[in-house]
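Thanks for coming. I will keep this short, so please have the sequence and the model on your screens.

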Amino acid sequence: VDPEDELPEHLEPILRYLTATDDPIESLNPVVVPAIRKMEKTLKKEESKDPYLHVLAAARIVAEERMR
């Protein structure tokens, strides 16, 4: 996953993968949570009351838990 390109397209399959495995691929660790944070930051800047901010926050929290 390139954290600089096409983040929304890759988020859904990555989250599905994280829920399906007990042992996530280590190379996702430095990418997934920062990518979600970047999406949150961008959306908050453009649409501070967008309800998808809550979805992204939940996705980040789940990813943080699964990537430990």
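A residue counts as exposed when its relative accessible area is over 50%, and as buried when that value is under 20%. Keep in mind that this is a predicted model.

Take Pro-51 to begin with. Its relative accessible area is 54%, so Pro-51 is exposed. You will find Pro-51 in the loop that joins helix 2 and helix 3. Another proline, Pro-24, is 27 residues away from Pro-51 along the chain, and the C-alpha atoms of the two are 28 Å apart.

Now to the other loop, the one between helix 1, residues 7-20, and helix 2, residues 29-46. Thr-21 sits there. Is Thr-21 buried or exposed? Thr-21 has a relative accessible area of 15%, so it is buried. Its side chain also comes to 3.1 Å from the backbone nitrogen of Asp-23.

Last, the helix packing. In general, a pair of packed helices is described by the angle between the axes and the distance between them. For helix 1 and helix 3, which covers residues 52-66, the angle is about 40° and the axes are 10 Å apart. The two helices are therefore oblique to each other. Their crossing is left-handed.

Which residues make this contact? From helix 1 there are Leu-11, Leu-15, Leu-18 and Thr-19, and from helix 3 there are Leu-56, Ala-59, Ala-63 and Arg-66. Sorted by type, the contact of helix 1 with helix 3 has 6 nonpolar residues, 1 polar and 1 charged.

That is what I have for today.

Methods: Residues are numbered from 1 along each chain as its sequence is written. This is a predicted model: local features need pLDDT of at least 70, side-chain atom pairs count only at pLDDT 80 or more; totals for chains, interfaces and linings use all residues. Side-chain values use heavy atoms; hydrogens and water are left out. Helices (H or I, at least four residues) and strands (E, at least two) are DSSP runs, numbered from the N terminus. Buried means under 20% relative accessible area, exposed over 50%, partly exposed in between (1.4 Å probe, protein chains only). A polar contact is a pair of N or O atoms within 3.5 Å; within protein, one must be able to donate a hydrogen and the other to accept it, and residues adjacent in sequence count only if both atoms are side-chain atoms. Axes are lines fitted to C-alpha atoms, for helices over the stretch in contact, and angles run from 0 to 180 degrees between N-to-C directions. Angles under 35 degrees count as roughly parallel, over 145 as roughly antiparallel, 65 to 115 as roughly perpendicular and the rest as oblique. A crossing is left-handed if the near helix is turned anticlockwise from the far one by less than a right angle, and right-handed if clockwise. Contact means heavy atoms within 4.5 Å. Ala, Val, Leu, Ile, Met, Phe, Trp, Tyr, Cys and Pro count as nonpolar, Asp, Glu, Lys and Arg as charged, and the others, Gly among them, as polar.
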